[in-house]
Amino acid sequence: MTQQAAALQTYNNELVKCIEDLCSKREELNRQIKLEEEEKERLQHDIRVLSEKLSRVNESLAQRLVARTTFDRTIAETEAAYTKILESSQSLLSVLKQEAGNLSKATEPRRKDR
């Protein structure tokens, strides 16, 4: 019987050691799980912060694009109007020169043909 008791004691010791090893591995796994859960929370927080920042940047960008379009339209309209003013000024100058020439001819004394 003592041989059986010794064998039983050996099996018991091995079983206890196996259980302790499993518990140790479980605790290590729990530690890793906790670390990954903390990392997950940090990453989710960062995602929320970055999403909010992206939203603000998108809104600002949209406003700036609208403003740029308004600038482009205003510049194009102003340049077109300025071109018309230049063309009108050129036409006016041409007409004025022609009229001045006609007035000069009309006011010159006539020469008598001999």
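Is R26 buried or exposed? R26 is exposed, with a relative accessible area of 51%, where buried means under 20% relative accessible area, exposed over 50% and partly exposed in between (1.4 Å probe, protein chains only).

1. Basis of the note. This is a predicted model, in which local features need pLDDT of at least 70 and side-chain atom pairs count only at pLDDT 80 or more, while totals for chains, interfaces and linings use all residues. Residues are numbered from 1 along each chain as its sequence is written, and side-chain values use heavy atoms, with hydrogens and water left out.

2. Fold and overall dimensions. The chain contains 1 helix and 0 strands, these being DSSP runs (H or I of at least four residues for helices, E of at least two for strands) numbered from the N terminus. The radius of gyration is 49 Å, well over the 13 Å that the globule rule gives for 114 residues, so the chain is more spread out than a compact globule; the radius is taken over C-alpha atoms, and the rule is 2.2 Å times the number of residues to the power 0.38. Along the principal axes, the C-alpha atoms fill a box of roughly 170 × 25 × 10 Å.

3. Surface. Of the 114 residues, 0% count as buried, and the accessible surface of the chain comes to about 11400 Å², with 58% of it belonging to carbon and sulfur atoms. These areas come from the Shrake-Rupley method with a 1.4 Å probe, and for residues only the protein chains shown count as cover.

4. Annotated segment. An unreviewed UniProt entry places the feature "coiled-coil region" at residues 12-60, although such annotations may be inferred rather than shown by experiment. In the model, residues 12-60 are 100% helix and 0% strand, with the end C-alpha atoms 71 Å apart.

5. Salt bridges. A search of the whole structure finds 4 salt bridges, each defined as a side-chain nitrogen of Lys or Arg within 4 Å of a carboxyl oxygen of Asp or Glu. Among them is the pair R26 and E27, at 3.7 Å from N to O; its partner E27 is partly exposed, at 47% relative accessible area.

6. Pairs one turn apart. R31 and E28 form a salt bridge at 2.6 Å, N to O, and they are separated by about one helical turn because they lie 3 residues apart in helix α1 (residues 2-107). R31 is partly exposed at 44%, as is E28 at 33%. R42 and E39 likewise meet at 2.6 Å, N to O, and are 3 residues apart in helix α1, which means a separation of about one helical turn. R42 is partly exposed at 45% relative accessible area, and E39 counts as partly exposed at 33%.

7. The chain has 20 positive and 20 negative side chains, and the centres of the two sets lie 16 Å apart. Lys and Arg count as positive and Asp and Glu as negative, without His and the chain ends, and each charge is placed at NZ of Lys, CZ of Arg, CG of Asp or CD of Glu.
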